[in-house]
Structures are given as C-alpha cells and as structure tokens.
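Trainee: I have not looked at this structure before. Please show me how to read a few of its features.

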Amino acid sequence: MKPKHLSLLVLTLLVVAAPFFFPSGFYYRIGALIFINAIAVTGLVILIGYAGQISLGHAGFAGIGAYACALAPEHLGLPPVAAILLGTALSAALAWLVGKPILRLHGYYLGVATLGLGILISMVLSNEAQWTGGPDGIAVPDLGLRGLLRDLGWRIGAGELWYGLAGTVMILGAWLALNLFDSPTGRALRALHGSEVAARTMGIDVARHKLHAFVVSAVYASVSGSLLALMNRLITPDVAGFMHSVQMVTMAVLGGVGSVLGAIFGATILTALPQLLTVFHQYEHMVLGLVMILVMIFLPDGLLPSLMKRLRGRDGE
Amino acid sequence: MSALLEIDGLGIAFGGITAVDDVSFAVRAGEIVSVIGPNGAGKTTLFNMISGLYRPSQGKVRLEGAEITAMEPHLLARRGLSRTFQNLQVFGEMTLLENVMVGHHLREKAGVLSDLLGLPASRQKTRASAESALALLARVGLEKAAYRAARTMSYGALKRLEIARALALAPKILLLDEPAAGCNAVETEEIDRLIAEIARAGVAILLVEHDMKLVMKISAHLVVLDHGRKIAEGAPAEVARDPQVIAAYLGQHGQEQVLHAEG
Ligand SMILES: Nc1ncnc2c1ncn2[C@@H]1O[C@H](COP(=O)(O)OP(=O)(O)O)[C@@H](O)[C@H]1O
Ligand SMILES: [Mg+2]
C-alpha cells in the first residue's frame, strides 16, 4: 500500500473508532474542535512543511471564513454553505493579493509581514463593530444540516453531527494535501524549500509556486474558521488573533510540519489537553510557548517523525 | 556556424569591487568550452550571470541569437540552459528520484487543482517523470539509491545527482561548475566519462574544472580568467604555452601535466 493510502486509512480508522472510547457526549465536541484545528494545520503543512514559507497570520484567514458565515447570511441572504464558499473566495483573493508582494521576503521578514496581516484583519474585525459586533463577537446562524437530517428521519445530536462533519472535511483536506505532496506542484514546493536557487534553475517559477501554496493554505484556514463559527454559533475577533495563529503553527511544528499525519497529531494534543486539564487551560499561552521551545530544541522534526525514527532505529530511511 | 551561447563584454561589480570585467567568448552547439583560472578569478560569478542568478552591470548574453541578459533562471531553463553548482544545491529532504524529477518540472506541469485532486493527468505525469528520472539515475550510476533521501548520500554521489538533475531538463547547453571537485579518483573517472558522453549526445558544455588533464583532453576551446579578466583564449595546446597563463595559473607543474596529457 502507498504511504498516502496508509495515512488516510489510519486517519479514517481513528476518526471512526475514537467515539467508542468516549466517556461522555462532551467528547464529541472536543473531537470536532480537534478536527477543525487540524484542517487549518493541514494547510500550514503545505505552506510551512512543503514550501518552507512561514506564516504567523493565518488566523486572519480563519477570521474571514468565520465572519463570512456570520455576516453573509444576514446581509446577503446567503445560506451558510454558500457563506463558507464566499469566505474561501475572499480568503483566497486576499492571500493572492497580499502574497504577491510579501512572499518575496524570506525568513523573519516574511514572519513579521504575515504577522502584520493577521493583526490587521483582527483589528478590522474588532473595530468595525457596527458590522461585526466588535470584541463581544456576533451570533452565527445555524448551518441547518441537523434540521434537514431530522426531516429525513435521522435524529442526531449536535456534538455527533459536528464530529462527523468536521472529521469528514479533515480527511478530505488530508487527502488533498497528500495528493499534492507527490505531484508536480508538491515536488516544486519541496524543491524550492530545499534550495530556491536550484529550483529556479530547474525551471520552477518560485514566486508563482509560493503564491499557490499561500492561497491554498489560506483556503484551509478559512474553511476551518467557518466550521468553528457554525459549530459554536458565536464568533469573536479572537479567532483571527495572534494567539490563534501561534497556536496553529505550534500544532504543526509539534506534530511534525513535514507530514500531514504528524500535524494532525499535534493538533490533537494541543486541542485536547487544554479542554481536558483545566490547569493547562489557565496557562495555555505559557504552555504553547514552552512546547514551541522544547520541540525546537529536542524534536526539530516534530513529535511524530521523531518517534517514527526512534521506532525504526536510527537510520531507518 | 553561429554560436549557441555568446558572452559579450560581460562584467559585474560587488560594492565597487569588480569581480568580472569585460569577458567575451562563445560556445557553439555541441562543443565543450572550459573556463579555467585560479580561485577567486570569477568563474562561478560568470556562471551566475549567464544563468540569470546575478544581474551583470555590463555586457550581454545571447542564446541562439536572442538576448537573455539577466533573464529569470526559470525562463532560461525553458530555453534549454541548465547548470550544476560548485557548492552542492540538492534538495536534501527529497529522494534522489524526486531530485531528478524536479528537473522534469517544465514537462510535467498539470496545474495546482489537478495536483490537489490527484486527477489522472497529474498522476500520469508523475509516473512518466519517475520513469525517465530512473533512467537518468541509472546513467550516473545511482539507480540503486533512487529512494534514499539526498541528504544521506556522499558528496561524490550528490555531484553526480546534480548532473542527472541538470540533464533532466534536456538542455541544449549545460554549465558544469567544478563537477569533479572533492571527488575521489574513481568518482572523478566516472564524471569524466559522463561529461564525454553528454557531449557526444550533442549537448554543448561550458565547464569549470581544475583537473587540467581532463580539461586539456576534452575541451575544444579554453578561456582563462584571472582577477575577473580574460587573459587568454584558444585551443588547449596554444593556451597551455601562453606565458601569461603559466604565470597566473598553470605554473611549471601544470604545464608539464598539460604537455603530458597531449602525449
Ligand atoms: N555575491 C557576492 N558578493 C560579493 N562578492 C562576490 C559575490 N560573489 C562573488 N564575489 C566575489 O567575486 C570574486 C570571484 O569569485 P568566484 O566567482 O566565486 O571565483 P571562482 O569561482 O573563480 O573561484 C571573489 O572575489 C568573490 O569574493
Ligand atoms: Mg567557483
């Protein structure tokens, strides 16, 4: 079996089997939250892991996806599903416009520029209170899927529904990212990550490929934000905030930013711990910082790839 | 016959210091031209200007009669200009096979959406690309290591990998920057054989190499650089007797080697 199919099989089995071990219905919500975070983190695997470009502002795109679901139904009369698509279109368009100039920057400079982008978006969401409800947030309409299923004679709890829905979207997202890995575009991204100079001389339009990775990862973040908003039925500007961006990157780095499965693993740990341990919740920001430092020092490849290496022995290439 | 690659008065300065100054020469289709000269003479800088990585401050580069001065490297690749690097530039986390497949990039493009969805167009291109990349790896003797990550390979192996990757572009002209530097005798032999074989297949080669025996044997034409200037040019035997060249680069020992090589 190809690694891609193995990864997808493992992922699907875990999503399907996990509920059998849930002590209570509360865990469906945690599961759904994990999957929603994992979607954004999968996008970062493409941007950071494949293409080697950092972003500290991707929560901004999650914010656009989230507020599209709050605002488009009310002001444009769109159904929530169409609002998700509108959000992705806006995020993609913004990523394309902003990405063109800033992806010419490298390393820290790109980090700071994306940081600025994220802060800008979250400030707009906080300040334009007559539209967005300001820092208190805004209510988000019901997706309507539960009602639809009920009319079809299938009664399902909100937790279960969101678990299934977010899990499905996450697996779909993982499938796309794994397809990309072993494709001409994926190889071009990984090549420019390895050596930009060599990639250019091999005929790769580096600027164009970075832009593609940036736009695709923005779409992942946007979908993640939309699902979060529709599940919680309430959204605040925090979704676009700096801490959320840092959380995404830490999840990706903890699990192993080069691998889709690793990044989802990282999302699982850093989403579940604060939910399950209240102590952790209080000090979440400190713990995020600490995790980041420790991973960088001890597990630069990320948790999952490092574990796999240990298991296979030192030179298990 | 007109030249494939024409270098016309090329020069560049870094912060007021001239690294290459008014260098001109030409490479004809299928010909091997070598650029020699002491370390720091400006050979790599010349390659970087030709391949679009540095913008020259003076002069022109023409490929098949069309001006390509300071053109983006990825557009030069499209026109059939390919190169290797003196200080390795491999894609360390990718397998050897994938490294060479990147050289097929221009032929295997299918579009981001198609690649994300894994459409048959993308998958078919990946398969075809892998097949011909494997053949290229076999040509440089690395097919057994095709699925190993490049960063796990020896220096000599990576030198050959860079040649295979550069050939994947199916270039008209190949720029080789010290392809045998740092290689042991066996590996050097292997690379010599490879260069001759590439030239026989009709690919023009612009070569920078310190192994004078090799250079004298295979070059149609030599260009000698010193302190960024061209101090001599011509057939190997002529250049080897040039007193200026002997003083700047070859020295007495080098000349003996050269005369010996001429047999
Ligand atoms: N990017 C650069 N910035 C400043 N100086 C450079 C740069 N690239 C090359 N040089 C200078 O140009 C000169 C020629 O270097 P190089 O082309 O590498 O020589 P060679 O390849 O012949 O050994 C050297 O003095 C080097 O320091
Ligand atoms: Mg050099």
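Mentor: In chain A, helix α12(A) passes α15(A) in a left-handed crossing, meaning that the near helix is turned anticlockwise from the far one by less than a right angle (clockwise would be right-handed). Helices are DSSP runs of H or I, at least four residues, numbered from the N terminus. This is a predicted model, where local features need pLDDT of at least 70, side-chain atom pairs count only at pLDDT 80 or more, and totals for chains, interfaces and linings use all residues. Residues are numbered from 1 along each chain as its sequence is written, chains are lettered from A and ligands numbered from 1 in the order in which they are written, and side-chain values use heavy atoms, with hydrogens and water left out.

Trainee: At what angle do α12 and α15 of chain A pack?

Mentor: Axes are lines fitted to C-alpha atoms, for helices over the stretch in contact, and angles run from 0 to 180 degrees between N-to-C directions. Here α12 (residues 242-255) and α15 (residues 284-298) of chain A pack at about 35°, their axes 10 Å apart.

Trainee: Which residues of α12(A) and α15(A) meet?

Mentor: Contact means heavy atoms within 4.5 Å. Among them are Met243(A) and Val253(A) in α12(A), and Leu288(A) and Val295(A) in α15(A).

Trainee: Which atoms does ligand 1 approach at Thr44(B)?

Mentor: A polar contact is a pair of N or O atoms within 3.5 Å; within protein, one must be able to donate a hydrogen and the other to accept it, and residues adjacent in sequence count only if both atoms are side-chain atoms. An oxygen atom of ligand 1 is 2.7 Å from a side-chain N or O atom of Thr44(B). For Thr45(B), the distance from a ligand oxygen to a side-chain N or O atom is 2.5 Å. At Lys43(B), a polar backbone atom is 2.8 Å from an oxygen atom of ligand 1.

Key:
Helix = DSSP H or I, 4+ residues; strand = E, 2+ residues; numbered from the N terminus.
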